[in-house]
Amino acid sequence: MALRMDNPVKDVTDHGGSLASAEALFPNAPKPWLDLSTGINPYSYPLPDFPASAFARLPEETSLQELSGIAARTYDAPDGANIVPAPGTQILLPLVAGLISPGKAAVLSPTYAEHRRAAALAGHSVCEVAEFAGLFEADLAILVNPNNPDGRVIRRRDLLALAEHMRARGGLLMVDEAFMDVGPQEERLDADVEAGGIVVLRSFGKFFGLAGLRLGFAVAARPLAEALRSRLGPWAVSGPALAVGLAALSDIDWQTAMRARLAKRMAALDVLLAESGFAAAGGTPLFRFLRTREAENLFNALGKAGILVRAFDRDRDALRIGLPGSEAAFEKLSAALRHWRENESKVQA
């Protein structure tokens, strides 16, 4: 990716997590970097022992079906046949958008930028809408729930009304529930997909802290699920991803304990931010969304301290800060915020 050094906020990679770009922007920053630019759980699920066959053999269809069944129980989907495992949800975006003929796609924004690109790849004319009501005029309605980056939640009853409207006009509602593992469970839509006209996307890597594994799921009515499976083709999910997915999705105790741990640690981050004069404007237990006129200055100050957070070229007053994963990480962020606050006080004086 080409970097323009005159605008560091704009030129940081669109999705966060690019330490190579961060090092180019802040070459004198102390190492190692503390990457708080993503919404990925810093407390990763412990990897199980892999059998050699997970690497040496092509994945078995029976293992894929087993994973689908466990995912259906985890996400409260009607059945394993409603689940489509994939090598991450990213690859599913244009495939889902291509389930209906090209028409008008509307994305509830601001949100994850790849939804707009994927819908355009599928041939749709894409617009962004700022209000939920704007989705009703589309053939393909797309939203993220809870939203990235601000954590906005759309109520399930409102989503069901939109889904009914989309079915009546032969359209499709795509709901990206990438952060629903730590969101309000009563608002998830996975149990409602068999009525049709809905595809829900579930990320594995964010909550389980294993984004590099590349595993995700589409949840849809059986005909739509079968159409997605045919587009993916055989062996879409690797043997190691199958093994980890089976272990992690079955580990309900770990999931329950992790949700409690994340809530506790995020409360500590809120206190730390408040001490520096920042109240979270939104977020989830995996990230906080800040809105401040000092966003660009804070982004640069943290970058010079070796801490990467997420900035937005289309919203210069916004920052997203992920959850530090250790006491040392909390202390590094605390020291950087304290240093920034002291310097700001001197400037104002």
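This is a predicted model: local features need pLDDT of at least 70, side-chain atom pairs count only at pLDDT 80 or more; totals for chains, interfaces and linings use all residues.
Buried residues, meaning those under 20% relative accessible area with a 1.4 Å probe and only protein chains considered, make up 52% of the 349 residues in this chain.

Residues are numbered from 1 along each chain as its sequence is written, and side-chain values use heavy atoms, with hydrogens and water left out.

Let me turn to the overall fold. The chain contains 13 helices and 13 strands; these are DSSP runs numbered from the N terminus, with helices (H or I) of at least four residues and strands (E) of at least two. Along the principal axes, the C-alpha atoms fill a box of roughly 65 × 50 × 40 Å.

Next, contacts, which are heavy atoms within 4.5 Å. Of the contacts in the chain with a separation of 6 or more, 71% join residues 24 or more positions apart.

Where is Arg265 placed? Arg265 belongs to helix α11, which covers residues 252–275. Is Arg265 buried or exposed? With a relative accessible area of 17%, Arg265 is buried. Leaving aside residues up to four places away in sequence, Arg265 touches Tyr43, Leu323, Ser326, Glu327 and Phe330.

Conventions: Buried means under 20% relative accessible area, exposed over 50%, partly exposed in between (1.4 Å probe, protein chains only).
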